[in-house]
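Morning, everyone. Please have a look at the sequence and the structure before I start.

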Amino acid sequence: MRVLLIGANGYLGRFVADRLLADPAVQLTALGRGDDSDVRFDLANGSPGALTRFLDAVHPGVVINCAGATRGGARELTRHNTVAVATVCEALRRSGCGARLVQLGCGAEYGPSQPGSSTAEDAVPRPGGPYGVSKLAATELVLGSGLDAVVLRVFSPAGPGTPAGSPLGRLAEAMRRAMQSGDGELKLGGLGVQRDFIDVRDIARAVHAASLSAAQGIVNIGSGRAVRLRDAAAVLARVAGYGGALHELDQPSVRPVIGHPRVDPDHAGPTAYPYPDGCGSWQQADVRTARDRLGWRPRINLEESLADIWMEAACRI
């Protein structure tokens, strides 16, 4: 099976590439902006015609799109998450390869949900920020393209490679600094939110399964269980061997904070770091569709994911 992987050098794409390369039946070609890609191509600025010519030459059976941006202004997010997907869809429509498209979406497309509920694929999406809006627009483009396509709505990724600027990454970095300096207490904020964390290696397994399946439409990829960030912090402290006290900084007048940044003495209160996905205080995936249509279930628990995050944080100098 010839597979074209777009965004192989990104956080999720690296693990998807590893998973596909372990399958002897897969012939993988990586397309991206980096020098180590098999083919260099910038989706956000490239033309559908140029991509079509490449598709006709390679003739993949499956195209997997892991490319995108999680940070930036509305214009940048739209260019990398929406315009880029429009380019992929148009190129596939023009091409004679007839490839199946596996698009990585995001749980942020749903926006805030009712605490205690599980969000299924038929929920009305109400994204709470520009990132979720840009990803939802991409999903709508894929669903309306007429292609053989599936969108995997990935909830909150965790595990090795977690970016240091993400909530779990900042949590691990704050703990590393506390241990390095010998602090007997760690002041953290924003720990009341609950998210459905799913390991990146389980996400890669889901992408692999989706590329082999006939499933179309939207499929949620998550653990099916919301975890409070303060509970994740307690687990992280245990795997790190941190014996100090964890104190929360949550205050009504302060937006959610992770870590205890340096404070300008001329300004009261800590710097604010709002949880970045615009999904409010609660998010939990209903993952029955992934089980029924992909034969997929998560295998890696959060403690293992956090242990891998800590291993990388502890090695930073």
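I'll go through the sheet, then the helices, then a few single residues.

Some ground rules. This is a predicted model, where local features need pLDDT of at least 70, side-chain atom pairs count only at pLDDT 80 or more, and totals for chains, interfaces and linings use all residues. Residues are numbered from 1 along each chain as its sequence is written, and side-chain values use heavy atoms, with hydrogens and water left out.

Let's begin with the sheet. Strands of a sheet pair through backbone hydrogen bonds, either parallel or antiparallel. Here we have an open sheet of seven strands, with parallel pairing. The order is S3-S2-S1-S4-S5-S6-S11. The labels come from DSSP runs numbered from the N terminus: helices are H or I with at least four residues, strands are E with at least two. Two strands pair if DSSP finds at least two bridges between them.

Which strands stand at the edges? They are S3 (39-40) and S11 (217-221). Each has a single partner strand, so one side of each is left without a neighbour in the sheet.

Now two pairs inside that order. S1, residues 2-6, runs parallel to S2, residues 27-32, over five bridges. Arg2 stands opposite Gln27 in S2. S5 and S6 are also parallel, joined by six bridges. There, Gln103 stands opposite Val151 in S6.

Stay with S6 for a moment. How many of its six residues are buried? Six of the six, so S6 is largely enclosed by the rest of the structure. Buried means under 20% relative accessible area, exposed means over 50%, and partly exposed is in between (1.4 Å probe, protein chains only). Ala149, Val151 and Arg153 point one way from S6. Val150, Leu152 and Val154 point the other way.

What packs on the sheet? Helix H3, residues 74-94, touches S1, S4 (62-65) and S5 (100-106). The direction of H3 makes about 165° with that of S5. Helix H6 lies across S4, S5, S6 (149-154) and S11, and runs at about 150° to S5. Touching, here and later, is contact: heavy atoms within 4.5 Å. Axes are lines fitted to C-alpha atoms, for helices over the stretch in contact, and angles run from 0 to 180 degrees between N-to-C directions.

Helix H1, residues 11-21, has buried residues too, including Tyr11, Phe15 and Leu20. The buried residues of H1 pack against S1, S2, S4, S5, S7 (156-158) and H6.

On to helix pairs. Two packed helices are described by the angle between their axes and the distance between the axes. Take H7 (residues 229-240) and H9 (residues 302-314): about 60°, axes 9 Å apart. That makes H7 oblique to H9. The cut-offs are under 35 degrees for roughly parallel, over 145 for roughly antiparallel, 65 to 115 for roughly perpendicular, and oblique for the rest. Among the residues that meet are Val235 and Leu236 in H7, and Leu306 and Trp310 in H9.

H9 also meets H5, residues 167-181. Their axes come within 9 Å and cross at roughly 50°, so H5 and H9 are oblique to each other. The contact includes Met175 and Met179 of H5, and Leu306 and Trp310 of H9.

One more pair: H2 and H3 pack at about 50°, with axes 8 Å apart. They are oblique as well. Leu51 and Leu55 are among the H2 residues here, and Val88 and Ala91 among those of H3.

Ser211 lies in H6, residues 200-212. Is Ser211 buried or exposed? Buried, with a relative accessible area of 4%. Leaving aside neighbours within four places in sequence, Ser211 is in contact with Met1, Val62, Ile64, Arg100 and Val102.

Leu141 sits in H4, residues 130-143. Leu141 is partly exposed, at 34%. Beyond its neighbours within four places in sequence, Leu141 is in contact with Thr82, Ala86 and Cys89.

Finally, His59, in the loop between H2 (48-58) and S4. Most residues other than glycine have a negative phi, and most peptide bonds are trans. The phi of His59 is near 55°, a positive value. His59 counts as partly exposed, at 40% relative accessibility.
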